Amino acid sequence: DKVKDVANINLEKEWSKQKNYSNIESAVFVTEKEMAKSRFQWSFFKIAAVFIVLILSAATIYYILPQFTQEKIASNTEIRQLILPDGSEVTLNINSKIKYPTTFDKKERKVFIEGEAYFDVTSDADAPFKISTGDAVIEVLGTSFNVSAYNTKEEVEVVVTEGTVALSSIVNPDNRIILDPGVKGIYNHSNKYLVKKTNSDINFMAWKTGKIIFDNDSLSKILNTLGKIYNKQIILENKDLGKCTLTVTFEKQSLESMLNVIESTLNLELEQKDETITVTGDGC
């Protein structure tokens, strides 16, 4: 039966079918070639897209980065003066640091300080001027004021000489105090409290002006003021010495010369070792 089936095969018809199969295989082969070409083109487009993204990213960084580039200025042993990008003037006390962008944002002018500085801010109502000192924030539109914010101290002190200043904390920005000329604002890092009071310290700008005035002040107050201005630790071994009083004005004199005047006037002995000055004597 099998031989009979084979004998009845129409060879022409089968050959025609075979040729059709060959055409299909040829068609499939062509399709695979096209697919390979398509895959190559797709890989090329992906690589090109990566390059385009890199170029656009580089261009974006080039134009945006200058706004975030930071200038860092430190005054280790001498007072420094500088002009900010908006024209505001800053006087930086010794052992102080300031950080600010090379280009201010159009909506906000923000700087960071550590230590003490006097600001004379250029007015710009569209871009408030903000100073960050740890978790305390000082905001102004255009004014002059002194900021004392050393890391070694618990409190930030702001004394306004002209204009108006707002003092607040990052934790609670809605809780803030407004400071006018002659008023001192204090922010405590630990307790997070804000307080303002009349500024009674006539020497708060002495570090900048070089003029220090004492009018029948106690030796304790005098040494405390000098220690604060020159960032020195002055120790009274005999506490009774602190009650001695002195009236004197110093103008652009070195700490050593001022201490020599105090020493000879009140018959004291002073010994300095590194950053610490020890005061001894019998009292007045």
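Author: Start with Val147. Leaving aside residues up to four places away in sequence, Val147 touches Ile113, Gly115, Glu116, Ala117, Phe119, Thr133, Ile138, Val156, Glu157 and Val158. Touching here means contact, that is, heavy atoms within 4.5 Å.

A word on the source. This is a predicted model, in which local features need pLDDT of at least 70 and side-chain atom pairs count only at pLDDT 80 or more, while totals for chains, interfaces and linings use all residues. Residues are numbered from 1 along each chain as its sequence is written, and side-chain values use heavy atoms, with hydrogens and water left out.

Now the core around Val147. The largest nonpolar core has 31 residues. Val147 is one of those with the most contacts inside it, along with Leu84, Ile98, Phe119, Phe129, Phe145 and Val158. Strand 5, residues 109-120, gives the most to this core, with 4 residues. A nonpolar core is a set of buried Ala, Val, Leu, Ile, Met, Phe, Trp, Tyr and Cys residues joined through side-chain atoms within 4.5 Å. Buried means under 20% relative accessible area, exposed means over 50%, and partly exposed lies in between (1.4 Å probe, protein chains only). In soluble globular proteins, nonpolar side chains tend to be buried together.

Leu219, Ile222, Leu223, Leu226 and Tyr230 in helix 4 meet Leu255, Met258, Leu259 and Ile262 in helix 5. The residues of this contact are 9 nonpolar, no polar and no charged. Ala, Val, Leu, Ile, Met, Phe, Trp, Tyr, Cys and Pro count as nonpolar, Asp, Glu, Lys and Arg as charged, and the others, Gly among them, as polar.

Asn231 sits in the loop between helix 4 and strand 15 (233-236). Asn231 has a positive phi of about 55° although it is not a glycine. Its relative accessibility is 36%, so Asn231 counts as partly exposed.

Go back to Glu157, one of the residues Val147 touches. The C-alpha atoms of Glu157 and Val195 are separated by 9.9 Å, though the two are 38 residues apart along the chain. Val195 lies in strand 13, residues 194-198. Not counting residues up to four places away in sequence, Val195 touches Ile177, Lys184, Gly185 and Ile186. At 32% relative accessibility, Val195 is partly exposed.

Lys192 lies in the loop between strand 12 (183-188) and strand 13. Lys192 also has a positive phi, about 65°, although it is not a glycine. With 40% relative accessibility, Lys192 is partly exposed.

Last, the whole chain. It has 5 helices and 18 strands. These are DSSP runs, numbered from the N terminus: helices are H or I, at least four residues, and strands are E, at least two. Of the 284 residues, 33% count as buried.
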